[in-house]
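Me: I would like a close look at a single part of this model.

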Amino acid sequence: MADPYQNNIYHQGGGHSYRTYGEDYPPQEEDAASDVTEGHDEEDQMYEGEYQGIPHPDEVKAAQRAARAKSGTSGSAASELEELSEQYEDIMEDCGHGKFQWTLFIVLGLALMADGVECFVVAFVLPSAEKDLCLSNAEKGMLGLVVFLSMMVGAFLWGGLADKVGRRRCLMVALAINCVFAFLSSFAQGYGFFLFFRLLSGIGIGGTVPIVYSYFSEFLQMDKRGEHLSWLCMFWMIGGIYASFTAWGIIPRYGWGFSMGTEFQFHSWRVFVLVAALPAIASLVGLTFMPESPRFLLENAKHDEAWMILKQVHDTNWRAKGQPEKVFTVTHIKAPKTAEDEFIEIQSATGTPVQRWAVRSLTLCKLVLRNVASLLSAELRFATLFMAIIWFCMAFSYYGLSVWFPDMIKHLQYEEYESKVKVFHGERLANFHFNFSLENQIHREGKYIRDTFVSIEMKSVKFEDSLFEDCHFKDIKSTDTVFENCTIRSTIFYNTDLWEEKFIDCRMENVTFEHNKHGCHLDTMEENDVLIYLVSFLGSLAVLPGNIISALFMEKIGRVKIIGGSMLISAGCTFFLFLSFSQSAIITLQCLFCGVSVAAWNGIEVVTVELYPASKRATAFGVLNALCKLAAVLGSSIFASFVGVTKAIPILLSFAALVCGGLVALKLPDTRQKILQ
């Protein structure tokens, strides 16, 4: 095979170097120096480190390119794709890192932020939505479950399609689906429609993580890849902060909404659902101005489109740096024609439009499934197995503890509340007027004769084995209030929410219910404890130090050491959970755990991008991210079941998972100096 770098010509002129691929490019005249350098002698421009024997960065890059070219020459069996990888890396180095990458960074960061928001939306709206939609505990559990299951399906689906249809196109469709169905879910008045719309919304947003990292990595040169992919991870944290902050500001204010009779309710939690979709909308708008990944286009033999995009990247960056005279000199890029492209072209060129659409769709499904199966091929088998173990172990412990922390806080709150319960035994009240609220009380074997309960609230009140005779209940609002094994005679309930379900094994004699209020939305319990927002906000904010440190040291320490070290340190942190006897201790340990574990997440995502070739990158990321969501479902379900029962099992499970994942991570290859295949 002819050496692809044999005809590469490097010129020096005009104060900069440029290169042509495959054919000569006319060299610039020596006196064509830019106006910026006019009047300066070259001796005055001497590189500062030259006195200390430090090589110029351009000399280092030239040496790296020469070494790659030499390895390409010596390896006669080098494939076309390997040649493309080396050539593409050289082009990205010439394009530089600048305005284009930072613009794409913001646009894709907003998409990642939308994914972070999606994980919090249902958890924040449930306390209010359960009243509007009259949800049972099973229905609430299903809503929480469907978020991760839909994102799991979305990750697998869009990750596979992104390698065959295109990163940008798939990401735009996925975000559009998320925006449309998130909008519809805010207006859904029934549980079935709300569940269905959140399911489709989750399938849409599930594609963001696999596509975003694959997409962004293909615009980065090797020495910038680890750091800037880590900075991108910070947007997930920003999504959590945004969700917590906006929920805190909107949901408790129940006046933010309106109603049309009793059939249509639009309360503040629905406003929050709309506001939560703003990052996805902003990213979708931004993507309309962004190009497709040129690496994807080259993999699919679309040379001309890729060349135009690379020229756009080059010109945008150098213009922003004040060097518009710098010319994009690449004239030919290796773009292998694949058999898959020919197959699709032949199959889709015959038959009716419907038949052609069916053939294209069927062929696309086959290609996606074949790509998924190729992740277990001989050259990728061990990488896929190791990464699957690491993703699963990290997600199992991280999401499991993320549910366990707030549930434990609620449990401690409930225990503290129960410890303050007031018990009244054998009280006798006749002709008494209750004009004050009753809260956290138990009344046993009481007798209430000709008493009136008017315009009061009853919260967590229980009457046991008591007698009510000739009593009058009017304009009552109640929460967790029951009458158990009581005798009620000649009593009137007028305009109350005390219906039959609240009378357990009670004997009713001549009892009248008039204008009773029905509906779960009448519950007067505090709809949203501020603590739930505070815990989520602090947990998201605690990620910031770990994110910064991991980004700064991703290239210096290496991905493998960061993943392994962070997971093992996180495992050590879990043992401090045995000391979590208060709410403040749990919040502190949650912040510590989140701050350490984010470094592992950053490393995992960078390595996933670098281990797989471009034709399988998004597919692999999608499969592993889908596995992550499955682990999240298992972890959150298992850990939640032990709240209030024992701490030992959740702590030991998370410890074992983190240690296992950390040790496996240390077996991964170092990909710092690896060209993106």
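Which residues of H7 are buried?

Reply: This is a predicted model, in which local features need pLDDT of at least 70 and side-chain atom pairs count only at pLDDT 80 or more, while totals for chains, interfaces and linings use all residues. Residues are numbered from 1 along each chain as its sequence is written, and side-chain values use heavy atoms, with hydrogens and water left out.

The buried residues of H7 are Thr208, Val209, Pro210, Ile211, Val212, Tyr213, Ser214, Tyr215, Phe216 and Ser217. Buried means under 20% relative accessible area, with a 1.4 Å probe and protein chains only. In the protein, buried residues make up 51% of the 677 residues.

The protein has 21 helices and 20 strands; these are DSSP runs numbered from the N terminus, helices being H or I of at least four residues and strands E of at least two.

Helix H4 (residues 137-162) packs with helix H6 (residues 191-205) at an angle of about 30°, their axes 6 Å apart. Axes are lines fitted to C-alpha atoms over the stretch in contact, and angles run from 0 to 180 degrees between N-to-C directions. H4 and H6 are therefore roughly parallel to each other, a label for angles under 35 degrees. Contact means heavy atoms within 4.5 Å. The contact is made by residues including Met142, Val146 and Trp158 of H4 and Phe194, Leu199 and Ile203 of H6.

Technical notes
Buried means under 20% relative accessible area, exposed over 50%, partly exposed in between (1.4 Å probe, protein chains only). Angles under 35 degrees count as roughly parallel, over 145 as roughly antiparallel, 65 to 115 as roughly perpendicular and the rest as oblique.
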